[in-house]
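Let's read a new model together, one feature at a time. Have the sequence and the 3D view ready.

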Amino acid sequence: MMQATGTEITQVGGLSKRLGSVRTRRRGKWDRIAILLVTPWLLQLVFFTLYPLYIALYGSVAEWDILKDTMTYIGFDNYIKLFSDAEFFKALRNSFVYILIQVPASLTGGFFVALLLNSSSLRGRAFFRGIYILPVIVPVVVMAIVWQWMYATNSGVINYLLSFLGIGQVPWLTSERFSMPSIALMKVWNDVGLYAMFFLAGLQGLSKDVLDAAEVDGVNKWQMIRHIKLPLLNPVVVFSVVMGTLWGLNIFTEPLLMTEGGPRGSSLTTLLYLYREGFIWSRLGYANAIGVASTLIILVLTFVQRRLLERSSW
Amino acid sequence: MAGSTLTQSLPPRVQRRQGQLSSFIQHSALYGILLLGALISLFPFYWMVNTSLKPSYMIFTYPPTMLPAEPSLNAYRYVWETMDVPRSLLNSIVVSGVGVAINVFFSSWVGYALAKLHFPLKRVLFFLVLALMILPQQILMIPLFLQVNRLGLIDTFAGVILPYAITPFTIYLCRQAFLTFPDDYVDAAVIDGAHHFQILLRIAYPIAKPMLLTAVVINFYWSWNAFLWPFLVIRSDEMTTLPIALSRYHAFADQRWDAIMAAATVVALPILLLYLAVQRQFVDALTMTGLKG
């Protein structure tokens, strides 16, 4: 798409046209230097991506012995075990609970903030943007720990502030019912600024002509947002939903540090389960099967989302 | 909206005043909501620092004091004595610095080849870049760990850096950057007898500088804040990066929240300072990741 600019310029000047033809005359020959340029990457790719990927796929249908460093083919036993493993489905369910709360909430919040930040009369846009993005800047570990402390049932500041609204002590991280939604809520706080940034960039890229035309036609503010801006921002929405889902299914640090997946597995995620099986219990073959299976689920899910959202007319 | 019919029947001066009033209300609402949002965004940071300044006996007092009643730096002193902050900071700098340098350096080579050169399998390689960008990392977790183990790189900087040394996303960014200038520049330079490395250095890098800077910032940010992979590979305390050190300290200083919050503040500080220094690039870089799709 961008290469088009190159050819256009070639067609403009006589000199560059001649230079452009040099390339066509040399067709059939190729730039040997490319081998050198891509070799470092290819080496890394083979060692740290392609070979491990092969091991992952083959290993998921094999029995592993780490001590002897051998793998023997056992067919789909790992997967059969996986699909009758209540713990795995619990982890999947938790991840979906997280996504269903976190993605819509932070997208809506982000869109709303972006609309506000995009108001033409606003002064100090950079200032607000700078603050809203702060939660994304610091390491996840920091905010997971801070929120764990704020969520504390008896001595936490959130329950203290809520007590003014007459809300009793909420067991944020210590009850099966709230643990996953609490983590999702924290991540909403974390991501609103990021999504706002995406939407703001989208809004600023909208054609002034279209918006002016709509205004001339007497479109009110709500209609403008709902029927003009939102449909035009569909690519940003699709991207955000897909990325949000992807990030959501990879959630690991927060439950590890805030709840250790508890209480009673209520905030266990697939990645945390993989970690536990593989690195705590050393069941490498099984942990690997979890990784392969959840990867397939992620890929299918994001593919379906893309398809559905790209077609939908808002 | 309901007021619009009303305003039409009023004399112009009143109309104007009413317009001013409603725009004043709108303005106040706008700033009010934005300020509230800013407060919510900042509050956890405030609470982190606030707690870190409390003397340890006041941590669990209820109601919690919203302002530090008897501010003390004891928690920081305790962290300094019990956590090797300089070492972890150094480790983080090495891991992120070296990692980003390798990444942008070699990714720009591949990006250049994909954008400007002709060679067999070019499309296959580019497809591979795109495919790997969306490959969830879960699938590689166990095999990658075994691979790093087999190479004897567990608990080494190389083990942390190498598996993610050259990332498809950075390659993609570089390719896009190099596509923005015409192939003719390359052809002309080749005719003048320039080598492709010279072209890269003299033409491609200067033109693509903003995009390369973005790549540096975003990779540094990812690498600096990375948790899962370093968490798996790093074993000894001497090797911990800041996030890993903090997660260990969190377990070590069990329930001493003043100390944990002090450690969190210390760990958050370097990247926050960097953010304040190059805020524009940070925002651009983060937005860029949102626009790549």
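Q: What distance separates the centres of domain 1 of chain B and domain 2 of chain B?

A: Domain bounds come from an automatic or database domain assignment. For chain B, that assignment gives domain 1 (3-52) and domain 2 (78-291). Taken over C-alpha atoms, their centres are 41 Å apart. Before we go on: this is a predicted model, where local features need pLDDT of at least 70, side-chain atom pairs count only at pLDDT 80 or more, and totals for chains, interfaces and linings use all residues. Residues are numbered from 1 along each chain as its sequence is written, while chains are lettered from A and ligands numbered from 1 in the order in which they are written.

Q: How many residues does each of these domains of chain B give to the contact?

A: Two residues are in contact if their C-beta atoms, placed from the backbone, lie within 7 Å. Domain 1 of chain B gives four residues and domain 2 of chain B gives six.

Q: And how many residues does each chain bring to the contact of chain B with chain A?

A: Chain B brings 79 residues and chain A brings 83. On the side of chain B that touches chain A, helix H2 (residues 12-52) of chain B gives the most, with 14 residues. Helices (H or I, at least four residues) and strands (E, at least two) are DSSP runs, numbered from the N terminus.

Q: At what angle do H8(A) and helix H13 (residues 242-252) of chain B cross?

A: Axes are lines fitted to C-alpha atoms, for helices over the stretch in contact, and angles run from 0 to 180 degrees between N-to-C directions. Here the axes come within 9 Å and cross at roughly 25 degrees. Angles under 35 degrees count as roughly parallel, over 145 as roughly antiparallel, 65 to 115 as roughly perpendicular and the rest as oblique. So H8(A) is roughly parallel to H13(B). Val141(A), Val142(A) and Ile145(A) of H8(A) meet Pro243(B), Leu246(B), Ser247(B) and His250(B) of H13(B).

Q: Which residues of H5(B) and H8(B) meet?

A: Start with the geometry: the axes of helix H5 (residues 122-133) and helix H8 (residues 168-179) of chain B come within 8 Å and cross at roughly 130 degrees. That makes the pair oblique. Val129(B), Leu132(B) and Met133(B) of H5(B) meet Pro168(B), Phe169(B), Ile171(B) and Tyr172(B) of H8(B). By class, that contact has seven nonpolar, no polar and no charged residues.

Q: Is Gly156(A) buried or exposed?

A: A residue is buried if 20 or more other C-beta atoms lie within 10 Å of its own, exposed if 12 or fewer, and partly exposed in between, with C-beta atoms placed from the backbone. Gly156(A) counts as buried because it has 22 C-beta neighbours inside 10 Å. You'll find Gly156(A) in the loop between helix H8 (140-150) and helix H9 (157-163) of chain A.

Q: What share of the residues in chain A is buried?

A: Buried residues are 40% of the 314 in chain A. Chain A has 16 helices and two strands.

Technical notes: Ala, Val, Leu, Ile, Met, Phe, Trp, Tyr, Cys and Pro count as nonpolar, Asp, Glu, Lys and Arg as charged, and the others, Gly among them, as polar.
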